[in-house]
Amino acid sequence: MKDIRIVFMGTPDFCVPILKGLIDSGYNVVGVVSQPDKKIGRKQILTPTPIKEVALSNNIEVFQPINIRCDYQDIINLKPDIIITCAYGQIIPKELLDFPRLGCINVHASLLPKLRGGAPIHKAIIDDYKETGITIMYMDEKMDNGDMIEYRKTKISDSDNLESLHDRLSLMGKDLLLEVLPSIIDGTNKRVKQNIDEVTYAYNIKREEEHIDFSKTSREVFNLIRGLSPVPGANAILDGKEMKIYSSRIENNIYNDKKYGEIVKIYKDGIGICTKNSEIVITDIKPFGKKRMLVSSYLNGIKKEELIGKVFE
């Protein structure tokens with residue numbers, strides 16, 4: 001069973017435990033497909049994708065087509081019995097989807113048909129979902145549209161942020177794939193069509209969506225902050241400069257005579273800001289041009305009383 005030829009397609013950190021799980025379990029991964037390397041940081045150093053690093057360290061051939069729709073012959077030449085994808089980042093052409101005899105399956109970080117798209121973990125938190133999970137599914141030509149094979153759920157708590165939920169789902173994805181892969185190989189797996197009436201979408205986060213709108217409720221602001229923490233980080237403008245905000249809490253104080261975004265209270269560990277219905281206290285920030293820090297440290301270096309009445313834009 002483990003002699004079947006697997007091509008794995010993925011790019012970011014989320015995929016790393018999944019590929020490692022296949023390799024460590026003795027599966028025959030004959031090739032890895034990843035997005036092209038990118039220049040990262042101020043020095044713009046060309047950096048391999050996380051999944052490429054895993055592949056090379058295990059002597060697995062790597063392909064990085066700029067446009068897989070017109071550059072997939074090298075993958076077909078590997079004669080895969082199955083293709084397994086996870087957060088690859090490009091639409092896979094029908095010719096490639098149809099080639100493996102066992103099909104092309106995907107590890108998706110949501111409970112399909114909810115949260116189809118490239119940012120299901122971010123959106124699960126931002127949109128205040130109470131649970132999410134992993135779905136193993138067959139791929140077709142439409143985005144995250146194929147028949148479902150199996151899923152696992154996990155609750156989302158208020159203590160979760162993007163990082164914690166990302167890491168938990170990544171490990172769940174590895175475990176669930178390894179659990180169901182034998183049934184996919186021997187043809188005994190379930191195959192359930194998605195309910196089109198329950199479809200929601202989680203498109204990639206746009207730059208403008210990272211900005212905090214304090215005219216929304218404290219809960220909405222709280223969810224946005226943790227849904228973008230630590231990367232890319234929610235942001236707001238204070239004194240004309242962007243501040244990244246990574247964590248917060250809600251206080252049930254109401255300020256009917258204050259502006260949305262106005263600083264209304266200073267705590268030992270945070271800055272209280274007026275929202276539509278109450279107060280959000282930010283506790284972990286990155287001021288413009290400085291390193292990330294706790295607000296308790298930030299407050300040590302400024303005149304606290306001068307903050308009161310200033311407005312975040």
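Colleague: Where does F214 lie?

Modeller: F214 lies in the loop between α6 and α7. Helices here are DSSP runs of H or I with at least four residues, strands are runs of E with at least two, and both are numbered from the N terminus. The model is predicted, with local features needing pLDDT of at least 70 and side-chain atom pairs counting only at pLDDT 80 or more, while totals for chains, interfaces and linings use all residues. Residues are numbered from 1 along each chain as its sequence is written, and side-chain values use heavy atoms, leaving out hydrogens and water.

Start with F214 itself. Its relative accessible area is 4%, so it is buried. Buried means under 20% relative accessible area, exposed means over 50%, and partly exposed is in between (1.4 Å probe, protein chains only). Set aside neighbours within four places in sequence, and F214 is in contact with V221, A236, Y260, G261, I273, C274, T275, K276, I280 and F312. Contact means heavy atoms within 4.5 Å. Take A236: it is 22 residues from F214 along the chain, and their C-alpha atoms are separated by 9.2 Å.

Next, the rings. A pair of aromatic rings is described by the distance of the centres and the angle of the planes. Rings of Phe, Tyr and Trp (its six-membered ring) pair if their centres lie within 6.5 Å; planes under 30 degrees apart count as stacked, over 60 as edge-to-face, and the rest as tilted. The whole structure holds two aromatic pairs. In one, Y201 and Y203 have ring centres 5.4 Å apart and planes at 0°, so this pair is stacked. Y201 is partly exposed, at 38% relative accessibility. Y203 is exposed, with a relative accessible area of 52%. F214 and F312 form a pair too: their ring centres are 5.9 Å apart and their planes lie at 45°, so they count as tilted. F214 sits in the loop between α6 and α7, and F312 in the segment after α8 (295–300), so the pair ties together parts that are 98 residues apart in sequence. F214 and F312 are both buried.

D257 and C274 are 17 residues apart in sequence, and their C-alpha atoms are 9.8 Å apart. D257 lies in the loop between β11 and β12 (263–266). D257 is exposed, with a relative accessible area of 63%.

Now follow the chain into α7 (residues 218–227). Eight of its 10 residues are buried, so the helix is largely enclosed by the rest of the structure. The buried ones are S218, V221, F222, N223, L224, I225, R226 and G227. Their cover includes α5 (120–126), α6, β10 (234–238), β11 (241–251) and β14 (279–286).

In soluble globular proteins, nonpolar side chains tend to be buried together. A nonpolar core is a set of buried Ala, Val, Leu, Ile, Met, Phe, Trp, Tyr and Cys residues joined through side-chain atoms within 4.5 Å. The largest has 44 residues, and F8, I84, I105, I136 and L181 have the most contacts inside it. α6 gives the most to this core, with 10 residues. Apart from it lies another core of 24 residues, among them V221, F222, V295 and L307.

P17, I18, G21 and L22 in α1 meet S170, L171, G173, K174, L177, L178 and L181 in α6. In α1, V16, I18, L19, G21, L22 and I23 are buried. α6 is part of their cover, which also includes β1 (5–10), β2 (28–33), α2 (50–57), β6 (82–86) and β7 (104–108). Just after α1, G26 takes a positive phi of about 90°.
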